[in-house]
Structure formats: structure tokens, C-alpha cells
Amino acid sequence: MHRVVLAITFVCGLAVAARAAQAPTPPQPPPPAPKPGPEHALFKEDEGTWDAVVEMFVPGQQQPMTSKGVETNTLGCGGLCIITDFKGDMGDMTFHGHGTATWDAAKKKYVGSWTDSMSQGLMLTEGTYDPAKRTFTGWSEAPDATGKVVKSRAVTEYKDKSNRVMSMYMPGPDGKEALGMRITYKKRM
């Protein structure tokens with residue numbers, strides 16, 4: 001009899017435990033929404049409309065090909081990203097580019113994407129900002145005109161609140177890094 005009572009108690013305990021395991025857990029509150037931090041201040045500095053002078057350096061040519069454009073930067077996602085729209089003329093061609101950049105808290109880097117009317121794919125970028133030198137350095141990968149993935153490095157120097165210069169370096173004919181493009185920006189007030 002004692003064994004029967006123990007067996008019944010054991011089976012009842014298992015049933016109660018099974019019901020408790022099936023009981024729904026109370027919903028957890030969602031994590032707080034991210035807010036712009038000190039890393040996002042750079043986006044506020046880039047926000048606005050910028051007149052641009054573009055210099056394209058072609059191997060074997062003494063002078064760069066020069067054109068003009070306008071870059072419009074808008075804060076997005078409550079200040080968590082910057083959305084870039086660039087329009088200009090490259091010789092007899094109209095150029096249009098579009099990009100988005102944000103701070104990746106997990107990587108502790110800025111990340112971004114870029115595509116334009118002269119690209120065959122999406123450029124992906126990771127970069128860092130040195131506030132002491134007021135310099136942003138980004139490393140990118142994107143397909144070139146032939147579809148081959150090319151790595152490049154871009155350095156943006158923030159001269160002051162209204163002037164910045166971006167220099168892009170890419171592999172030259174000998175495979176060594178060479179200046180391929182420089183854009184000088186002046187912010188409209």
C-alpha cells in the first residue's frame with residue numbers, strides 16, 4: 001500500500017510539473033529603442049546640402065577629369081543613420097549615387113552601403129573616425145565595371161564645419177594603391 005501511495009504521489013507530481021512547464025511565460029517587455037550617441041554626432045555635421053568638385057585621376061593622364069555635383073545628406077531613423085543622395089555630371093553623363101551609413105555598436109565601426117549609376121553592384125564600407133584628427137577612414141569592397149570585386153580606401157578630412165575633402169584610393173595598374181578620386185565639398189548655408 002505504501003508503494004501504491006508513493007507511486008500515485010510521484011505520478012501526480014509529474015502531472016503538476018508537466019502542466020507548469022506548459023504554462024505560458026509572461027511576455028517580456030521589448031528592449032529599449034536605440035538612441036543616437038556620441039558616434040552619431042558626425043552625421044549631424046554631414047547633414048545638409050554640399051556643393052562638390054569631383055576630380056577623377058586616370059593613370060597616364062597628367063590632369064584629373066573634373067566635374068561638379070551636389071550632395072544632400074538627411075538624418076534618418078531618428079538620427080541613427082545618414083542618407084546620402086549625390087547628383088552631378090561626369091562629362092556627358094548624368095551621375096546619381098545613393099548611400100546609407102550608420103554606427104554599428106557591435107562592430108564599434110561605421111558601416112554603410114553605396115550604389116550609383118556607374119556601378120554594377122553594391123559597395124559595402126566599414127570605417128572609423130578619429131576625432132583628434134577629424135578624419136574618417138573607410139575600407140570598401142565593390143564590383144568594378146567588369147564585375148571583379150575591388151577593395152578601396154577612402155579618407156575624409158573634416159577641415160571645418162563647412163569644408164571637407166574625401167580622397168579615394170584604389171589599386172592602380174601595378175596593383176599598388178593610388179589616388180583614384182578626390183571630392184572637395186563646401187556646405188551651403
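**View 1. Ring pairs join F43, W103, Y110 and F136 into a cluster.** The model is predicted: local features need pLDDT of at least 70, side-chain atom pairs count only at pLDDT 80 or more, and totals for chains, interfaces and linings use all residues. Residues are numbered from 1 along each chain as its sequence is written, and side-chain values use heavy atoms, with hydrogens and water left out. Rings of Phe, Tyr and Trp (its six-membered ring) pair if their centres lie within 6.5 Å; planes under 30 degrees apart count as stacked, over 60 as edge-to-face and the rest as tilted. The whole structure holds six aromatic pairs. Why is the pair of W103 and Y110 called edge-to-face? The ring centres of W103 and Y110 are 4.9 Å apart and the planes stand at 70°, so the pair is edge-to-face.

**View 2. Y110 also pairs edge-to-face with F136.** Here the distance is 5.8 Å centre to centre, with 70° between the planes. The pair links distant parts of the chain: Y110 sits in strand β5 (residues 109-116) and F136 in strand β7 (residues 135-143), 26 residues apart. Buried means under 20% relative accessible area, exposed over 50%, and partly exposed in between (1.4 Å probe, protein chains only). Y110 is buried, at 6%. F136 is buried as well, at 16%. W103 has a relative accessible area of 18% and is buried.

**View 3. Ten strands close into a barrel.** Their order is β1-β2-β3-β4-β5-β6-β7-β8-β9-β10, with antiparallel pairing. Neighbouring strands of this sheet are turned by 25° against each other on average, direction ignored. Axes are lines fitted to C-alpha atoms, for helices over the stretch in contact, and angles run from 0 to 180 degrees between N-to-C directions. Two helices complete the secondary structure of the protein chain. From the N terminus on, the elements run α-α-β-β-β-β-β-β-β-β-β-β. Helices (H or I, at least four residues) and strands (E, at least two) are DSSP runs, numbered from the N terminus.

**View 4. Strands β8 and β9 run antiparallel.** Residues 149-160 form β8 and residues 163-171 form β9; seven bridges pair them. Two strands pair if DSSP finds at least two bridges between them. Which residue in β9 is the bridge partner of A154? That partner is M168.

**View 5. The largest nonpolar core has 14 residues.** A nonpolar core is a set of buried Ala, Val, Leu, Ile, Met, Phe, Trp, Tyr and Cys residues joined through side-chain atoms within 4.5 Å. V54, F86, M166, M168, M181, I183 and Y185 touch the most other members. Two or more residues come from each of β1 (48-56), β3 (81-90), β9 and β10 (177-187). Apart from this core lies another, of seven residues, among them L42, F43, I82 and Y158.

**View 6. C77 and R134 sit in loops.** C77 lies between β2 (65-76) and β3. Its phi is positive, about 55°, although C77 is not a glycine. C77 is exposed, with a relative accessible area of 60%. R134 lies between β6 (123-130) and β7. R134 is not a glycine either, yet has a positive phi of about 50°. At 24% relative accessible area, R134 is partly exposed.
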